[in-house]
Amino acid sequence: MTTPSGPHPMATRSKSSQRWLKEHFSDPFVKKAQAEGMRSRAAYKLEELLERDRLLKPHMVVVDLGAAPGGWSQQIRRQIGDTGRVLALDILEMPPLAGVEFLHGDFREQAVLSQFEAMLGDQPVDLVLSDMAPNKSGMDAVDQPRMMHLAELAMDFADQHLKPGGAFLIKLFQGVGFDDYVREMRRRYDRVVIRKPEASRKRSPEVYALGQGKRAQIK
């Protein structure tokens, strides 16, 4: 009987899990989130983006797609105080947050989207945020198309509900379809930039695309 060379697959997985746990608990942004009562380290990605590009003002209507566990909505509410509206949606359940209107459902389903639009009413949106991402299979050929599908749906939502002059901030994975997506954003917004916040893990393929100054007409 031959013995396979190299580490046992379970041992490899165990080592990678241990490495992730070690990185997670030594991560300064995880520690900061715990100390400041924020729901996730992702809040600091958004904090950097909001400050750098001056995206928030009082009385804004903000939509947070892919909101759970709530770090982004929490950050928005913290910065705009009791003014404006924050509407959040996620396929995962999210414990209530004061001042945040939350819908639990799958954004890909028309019935859920219709329910969310009913919550919004006819109110135009100032800022659409999307931190949505699919459950990762570990295979780029599967994960990237799923990610781009969610991104297309988020762009469609912004097309329909974002007021002229408004802003759209979305998480993307670099890969197939990324360049075309950014090109489409440039047709819709006066200014488009790609950001990699300090709180994004270096080996992660994620970046954030920001469109500011939504045009009344697509070019």
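Seven strands, 7 in number by the DSSP assignment, form an open sheet in the order 3-2-1-4-5-7-6, with mixed pairing. Strand 3 (100–104) and strand 6 (189–195) stand at the edges with a single partner strand each, so one side of each has no neighbour in the sheet. From one strand to the next the twist averages 15 degrees. Two strands count as paired if DSSP finds at least two bridges between them. Strands of a sheet pair through backbone hydrogen bonds, in either a parallel or an antiparallel way.

## Basis of the description

This is a predicted model: local features need pLDDT of at least 70, side-chain atom pairs count only at pLDDT 80 or more, and totals for chains, interfaces and linings use all residues. Residues are numbered from 1 along each chain as its sequence is written, and side-chain values use heavy atoms, with hydrogens and water left out.

## Overall make-up

The protein has 7 helices and 7 strands. Helices (H or I, at least four residues) and strands (E, at least two) are DSSP runs, numbered from the N terminus. Their order from the N terminus on is α-α-α-β-α-β-β-α-β-α-β-α-β-β.

Of the 219 residues, 48% count as buried; buried means under 20% relative accessible area, exposed over 50%, and partly exposed in between, with a 1.4 Å probe and protein chains only. The protein exposes about 12,000 Å², and carbon and sulfur atoms supply 54% of this area. Accessible areas come from the Shrake-Rupley method with a 1.4 Å probe, and for residues only the protein chains shown count as cover. Among contacts with a separation of 6 or more, 64% are between residues 24 or more positions apart; contact means heavy atoms within 4.5 Å.

In strand 2 (85–90), 6 of the 6 residues are buried, so the strand is largely enclosed by the rest of the structure. In a regular strand the side chains alternate between the two faces of the sheet. Arg85, Leu87 and Leu89 point one way from strand 2, while Val86, Ala88 and Asp90 point the other way.

Strand 2 pairs with strand 1 in the parallel sense over 5 bridges, and valine 62 has valine 86 of strand 2 as its bridge partner. Strand 2 is also joined to strand 3 by 5 bridges, again running parallel. Here alanine 88 stands opposite phenylalanine 102 in strand 3. Strand 1, helix 4 (residues 71–80) and strand 2 make a right-handed β-α-β unit. A crossover is right-handed if, with the strands pointing away from the viewer, the path from the first strand over the helix to the second runs clockwise.

Strand 5 and strand 7 (residues 206–214) run antiparallel and are joined by 7 bridges. One of the residues involved is alanine 167, whose bridge partner in strand 7 is glutamine 212.

Leucine 169 lies in strand 5 (residues 162–173). This leucine counts as buried because its relative accessibility is 1%. Beyond its neighbours within four places in sequence, leucine 169 is in contact with residues including Leu46, Trp72, Val128 and Tyr208. Leucine 169 and tyrosine 208 are 39 residues apart along the chain, yet their C-alpha atoms are separated by 6.7 Å.

## Helices

Helix 5 (residues 110–120) lies across strand 1 (61–65), strand 2, strand 3 and strand 4 (125–130), and runs at about 170 degrees to strand 2. Helix 7 (residues 178–188) lies across strand 5, strand 6 and strand 7, at about 145 degrees to strand 6. Axes are lines fitted to C-alpha atoms, for helices over the stretch in contact, and angles run from 0 to 180 degrees between N-to-C directions.

Helix 6 (residues 140–161) has 22 residues, which at 1.5 Å a residue should span 32 Å; its end C-alpha atoms are 31 Å apart, which agrees. The expected span is 1.5 Å times one less than the number of residues. The buried residues of helix 6 include Asp143, Met147, Leu150, Ala154 and Phe157.

## Backbone details in the loops

Alanine 68 and proline 69 are joined by a cis peptide bond, with omega about 5 degrees. Proline 69 is in the loop between strand 1 and helix 4.

Arginine 54 is in the loop between helix 3 (42–53) and strand 1. Although arginine 54 is not a glycine, its phi is positive, about 50 degrees. At 73% relative accessibility, arginine 54 is exposed. Histidine 59 is found in the loop between helix 3 and strand 1, and has a positive phi of about 70 degrees without being a glycine. Histidine 59 is exposed, with a relative accessible area of 61%.
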